[in-house]
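Have the model open as you read.

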There are 2 protein chains.
Amino acid sequence: MPTPHTTESPSVDRRTFLAGLSGAVAGGAVASQFQTTARAQATASPAANAIAYIVDGMGQTQISAARYLNAYKTAPERFPLNVSPAETPTGFDAFSSRGSMTTFPDDPYETTTDSAAAATAFASGVKTYNGAIGGVQTSGGGFQRVDTVLERASAQGYATGLITTTEATHATPAAFAAHVEDRGNQTEIARQYIEETQPDVILGGQRRDFEADASNGGTLVDAARDNGYTIAETAAELDAVDDPPVLGLFSQESHLDYYLDRKNDPENTQPNLDAMVDAGVDLLSSAGDPDKGFFLLVESGRVDHAGHANYPAQVAEQYEATQVAGQLVEYAETTAEPTFLVSTGDHECGGLTLGRDSPYEVEYDVLAAQKATTSRLRDLLAGVRSADELESIVAAHTGITALTDREVAKLRDAPGSISTILAERAGIAFTTDGHTGTDVPVFAHGPNAARFDAARDNTAVADALAAALGVSL
Amino acid sequence: MPTPHTTESPSVDRRTFLAGLSGAVAGGAVASQFQTTARAQATASPAANAIAYIVDGMGQTQISAARYLNAYKTAPERFPLNVSPAETPTGFDAFSSRGSMTTFPDDPYETTTDSAAAATAFASGVKTYNGAIGGVQTSGGGFQRVDTVLERASAQGYATGLITTTEATHATPAAFAAHVEDRGNQTEIARQYIEETQPDVILGGQRRDFEADASNGGTLVDAARDNGYTIAETAAELDAVDDPPVLGLFSQESHLDYYLDRKNDPENTQPNLDAMVDAGVDLLSSAGDPDKGFFLLVESGRVDHAGHANYPAQVAEQYEATQVAGQLVEYAETTAEPTFLVSTGDHECGGLTLGRDSPYEVEYDVLAAQKATTSRLRDLLAGVRSADELESIVAAHTGITALTDREVAKLRDAPGSISTILAERAGIAFTTDGHTGTDVPVFAHGPNAARFDAARDNTAVADALAAALGVSL
Ligand SMILES: [Zn+2]
Ligand SMILES: [Zn+2]
């Protein structure tokens, strides 16, 4: 296990800070959440481990879409009569409790949250502005860091981990283990991971951020290695790691590939999310204080990106996310130590709807036949002029064989229009390339899970994690 | 109380019927739901009263929209920091349990349910085709009626009631107290209400259906009066009714007006939904077997219509629905007898999203300022050519004062375009004039409410109601 982090940044006690803030910037909402936290501090830890599983961009409709896709794949001949959760349960159905969650940020300009503000709420229990990682704006306009449940758990001897399908320094994991005014400062986030917070498991994309200079010379990758981290760059290398800590960076730039593209490309060396989760819980179980368990943040991060891009493959991305939800419940059920698991989306993304333009019908066969995202298809179709060749690529990767002349012409000029063709044929729609403000479902399992059989705010996730681990925020 | 109904239509026992159906038309989904019912039959009634509250067309996003509108109305100066359920709770937050529900029908052509199939699932616990009221299609293509929880409760001496803001014979109430192959046969539904099922309370719209001929001469209204029903045609007349049974029909044609139009028109004589609920529970408490409680179906039915029409006033309609949800929980909490309450939408309608076209922002001030629906505004704007007059009507009823020349021109030619103007300014969108297939939230309160802290199918509503009343289906 890495040495416990020491921080040189100022970090006031959250109680003192919020007492000053209460009624001013943050108002009663934060204050009342704080009271919940204060109560939680009094209770002993009921769980050995706590896992937060965030599916970035997941609202109710993404979950439902994956439910129907799963039922269609499971038994197309009985579809939709096999969609009932009793008949074809999905990963989220396995949680023992569920409720809803408000997601609004404390932002001067926007009512809909971004992933940074939402993840700061999950990690630290405070509302903040869009773009903030692990901190809030002070009345003077400065940036005030707030401690995170991962940091508090680490200080108490728990092993800690961050797993994501996005860049490892992306907003959701970052808010659990770093503090920056602007989520765009990703090399600083990498530096804080390696030099300060030092989680036992870091798995994600964009190695580039960790090739930045470390404070004491060399790169952050060098510094990590010096601190005992094993570096993994492929699924096979991750599989071979026997002991924590591990720094797994599976792409040089950007995120891991989308699920469909990862799964259907035999050359792809990136681990799937389920493999990262398997490796992560395994390594964390042997890390940290032997009397303590672990805290793990898992993010399925690209449901959000598919939503921003209005890709119909958002449903496939959610399908992987839902499978991993089931995997995590199974882990919580079968591991020897009591494990608290909470899962939610940080916000919906794209304004996905299951139906469009009148018909009472979604064609799940169209979604099930898709083997590549628009991202990959755009590469495959780029520069292709021949109608035959266009049609053959589309047929091979989407199952669509009856393109109109107009669609072919459009694909020739704008390969990304495959998204529109698929969405229209599937009968799904998007209304924005941004996030939407609908309340998201929240799921919990393990000790005290029933606290989420309620309408809660997203700050409740931090409170529940802290209570489960018996740490204070 | 009316005399207990006798029916001349064939009505096989549901167990026998489903045993034959199992594995064939309906398959495992229905069979497994049936097992749940069989278990429920063994338990004694834990509740004196059971209330089902259906908000037609309500998905998660409608609920969230009303939550934000409510928080905005409550304290605009603290918005959105007052949106947390702990800070500004809504009617649905008050329920002790919540979960999600699949809504798909058993339909040869459509994967998305209509209100008739969904209401039949709620009332009788079976999947059926879109358009069916209280029955299923047999393998031979005939129509096979299935008993409803309202009928079974009535046969056991419970008082029963139907309350809706739609036509009294509309699909949702009809499926609890009538059996027709096609929901369009509304005079037959009225006939079955009055001559067969005879609920103690019937409140809704479209008196015309009850002016049809009764079997023994005269109209159905006459027949109802002969059976002891008091007839009410206005809110004031309803208020004056002292004893059940009551037949309240508050419009000659069509539904009750939308909430905004009802509330803001001083000439309007229709009761609001909260007044119908107050009168209903009051009258039901004194009806039926004095040792038994009541079963009541309440529907807020026009969230659906606003969704079909893509009216931004769908949010206001949901606002009334959410207020009534709180009223019902309060009733369940304060009434002397244990009362089981379940509430859900039958499906989402319109594909509403809170956000559109990129911005992370919904302008709730625009929604809060609206004082008339598009339906009413279309009447007010019809034939108006003067720009000044158009602008003045729009300003008075929506608060919008800065119409563009293009918008004025559009309103002159198509007054209904006020919907688009409002939706764009509010930052909300719709994707269809039909229903969508997303799972809907379900809420429960009272004895055994926690059975809904789960992912369920819509047939579970019938099972829960039957179990609460100790009747078999
Ligand atoms: Zn996003
Ligand atoms: Zn409808």
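Across the interface of chain A and chain B, 32 residue pairs are in polar contact, both at pLDDT 80 or more. A polar contact is a pair of N or O atoms within 3.5 Å; within protein, one must be able to donate a hydrogen and the other to accept it, and residues adjacent in sequence count only if both atoms are side-chain atoms. Chain A touches chain B through several elements, including α2 (27-41) and α3 (60-74).

This is a predicted model: local features need pLDDT of at least 70, side-chain atom pairs need 80 or more, and totals for chains, interfaces and linings use all residues. Residues are numbered from 1 along each chain as its sequence is written, chains are lettered from A and ligands numbered from 1 in the order written, and side-chain values use heavy atoms, without hydrogens and water.

The rule also finds three salt bridges across this interface. Arg67(B) and Asp439(A) meet in a salt bridge, 2.7 Å from N to O. The cut-off is a side-chain nitrogen of Lys or Arg within 4 Å of a carboxyl oxygen of Asp or Glu.

| Residue | Relative accessibility | Class |
|---|---|---|
| Asp304(A) | 4% | buried |
| His308(A) | 24% | partly exposed |

Buried means under 20% relative accessible area, exposed over 50%, partly exposed in between (1.4 Å probe, protein chains only).

Terms used: Helices (H or I, at least four residues) and strands (E, at least two) are DSSP runs, numbered from the N terminus.
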